[in-house]
Every structure is written in C-alpha cells, then in structure tokens.
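Reader: Can you walk me through this one? I'd like to start with the pockets.
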Amino acid sequence: MNIRIGTLWRVPVFCLLSSLACYWLTIFPGALIYVNRTVGENGTIEVSTDPVRSVLFQAVLIFAVLLAGGLWAFRSMTRREIAASAALLILPMLAIVLAQLFLPSFPLEVSLFLSRFYCWTGNLASLLMQLSLPLPAATILAQFAPLLFIPFGRRVA
C-alpha cells in the first residue's frame, strides 16, 4: 500500500476551493438563472425561486466539480491515494456537520462562515433532499462526496 505523502493535500484543497467557487457562482450568476423577479399590479416586487432551474443548476455544479477533479486534478493519483486524501477532509467535515445538526447551541456565526466551504457538498445534500431524504441523512451522506472521485483514479501505482 504505497501512498505518496505529497498527494494527500490534493482532495481537501480541491474540494474547499471548488466549494468556494460554487458558493460565488450560486450567489451571483446563479441568482440570474433560477431567481424570478416579477412586478405586481400595485408595483410590489415579488421574488421567487424556480425549483426546476435551481435543481438543474445545482446538478451542473456538482458534475462540473466531479469532472474537473476526476479528469484534471486527480488523474495522476491512485484510487487508494484519493481515498486517503478524501478521508482527511471527510472526518473533520463530518464532525462539524454532526455538531451543527445535533448541538442546539452551535454558534450561528460559525455556521455562516463555514457555509462557503460546504457549498459543493451542500448542493449534493439539497439534491438528496429533493429525493425525499430527511435533512440530517442527506447532510451526513453529502459529506462523503469526495469519495466520488475514487473511480477517476488509477488502479495501480
């Protein structure tokens, strides 16, 4: 089991940077795609979200991250290296998410700050909730999203 130590940083850094990119894409150009603004007869502005466009936008972001990571960032890594690198990200993310879900006094400021770094997995959790999974189950399952990069790795070193 040869795992190159120099590759262990790749999945966490890529996932955190892609989450930041997804966060900014969701806020600025994403709002132009799936947010509807209408002006009522009396001049009031009504803002609503198109659920179909929102789901499609989230799915496109998830697949873009998977393809970019799998075909570009992790091509030289073996499947074991990707799994070990992903575990370095999954364990702390899972601990924080469990604390957010089950500790009633978890600080809101910390959750808002961390939301930038959970956007990619948050999009996956949102899609899982569209499939009728409850919020805790969808959020916990989404934290294992970095393991989706494993099939893109090489089989042997």
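Predicted model: local features only at pLDDT ≥ 70, side-chain atom pairs only at ≥ 80, totals over all residues.

Reader: What volume does the largest pocket have?
Author: About 360 Å³. A pocket here is an open set of points on a 1 Å grid over the protein atoms alone, where a 1.4 Å probe fits, with protein on both sides within 12 Å along at least five of seven lines. The volume is the space filled by probe spheres set on the points, which are joined across faces, edges and corners.

Reader: Which residues lie nearest its centre?
Author: Gln-100, Ser-115, Tyr-118, Gly-122 and Thr-139, out of 17 lining residues (an atom within 4 Å of a point).

Reader: Which helix gives the most to the lining?
Author: H6, with 5 residues. Helices are DSSP runs of H or I, at least four residues, and strands are runs of E, at least two, numbered from the N terminus.

Reader: Changing topic: how many salt bridges?
Author: The count is 1, between the side chains of Arg-53 and Asp-50 at 3.3 Å, N to O. The rule is a side-chain nitrogen of Lys or Arg within 4 Å of a carboxyl oxygen of Asp or Glu.

Reader: And the strands, which way do E1 and E2 pair?
Author: Antiparallel, over 5 bridges; pairing takes at least two DSSP bridges. Val-35 has Thr-49 in E2 as its bridge partner.

Definitions and conventions:
Residues numbered from 1 in each chain as written. Heavy atoms only, no water.
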